[in-house]
Amino acid sequence: MSHASPLRLGVLGSGKGSNFCAIADAIAAGGVNAEVALVLSDVESAGILGHAATRGIPARYIEPGKFRTKLDEAAEVAFVKALQEARVDLIVLAGFMRILKGEFLRAFEGRVINIHPSLLPSFPGLEAWKQALDYGVKVTGCTVHYVDQGIDTGAIIGQRTVPVLDTDTAASLHERIQGAERQLYPAVVAAIARGEIHTRGRQTRGFVSPGV
Ligand code: GRF
């Protein structure tokens, strides 16, 4: 993807929206040739919707349906329709707590990215910072990757490391990882917007990390 005009982003989140804010702030500061066309959430009270509204960015809650960990069929259709109508080029998952499946991924093939709070492939799944602490690793971090049919298994675009300190609690480690995420995610989106990321199978090329 190489874009002279700003890359149109659709951001999906279920939580407080700190990654969304980091990306929106980087765009506003002129560091990313993109615009957030739409923010969607499956949680009506999610902080991300409030942050979008404050910034004047279109944002909507869409009812996720009867399942706990995925969208039901009607919800999936509604998410895809809203994103297509907003003419988004790239879907940015920023703390979206539901697994996206076949129809959604087919609609936006190769155009969905996610951020995960560990150095994948270590510690996929929930509370990755706690998994890292419990395992006893000395270095962890965060990963931005393309989304495929698996859980946290898609091709890796960029990573940033975070040391695990002897004094760390799950909360302190999580906070430092989130600090690293707020640097990594805008940098990856900027690189995609510049058309610098090239993917062949699992291999991606072109991302220069803003410090590892
Ligand atoms: C981030 O820590 C990210 O790694 C995970 O969900 C969290 C979202 O936080 N996927 P926020 O809503 O961006 O603050």
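**View 1. Aspartate 42 is a buried residue in a predicted model.** At 7% relative accessibility, aspartate 42 counts as buried (buried means under 20% relative accessible area, exposed over 50%, partly exposed in between, with a 1.4 Å probe and protein chains only). Look for aspartate 42 in the loop between β2 (34-41) and α2 (47-54); helices (H or I, at least four residues) and strands (E, at least two) are DSSP runs, numbered from the N terminus. Residues are numbered from 1 along each chain as its sequence is written, and side-chain values use heavy atoms, leaving out hydrogens and water. In this predicted model, local features need pLDDT of at least 70, side-chain atom pairs count only at pLDDT 80 or more, and totals for chains, interfaces and linings use all residues.

**View 2. Here are the neighbours of aspartate 42.** Its side chain makes a polar contact with the side chain of serine 14 (2.8 Å) and another with that of arginine 98 (2.6 Å). A polar contact is a pair of N or O atoms within 3.5 Å; within protein, one must be able to donate a hydrogen and the other to accept it, and residues adjacent in sequence count only if both atoms are side-chain atoms. Not counting residues up to four places away in sequence, aspartate 42 also touches others, including Tyr61, Pro64 and Phe79 (contact means heavy atoms within 4.5 Å).
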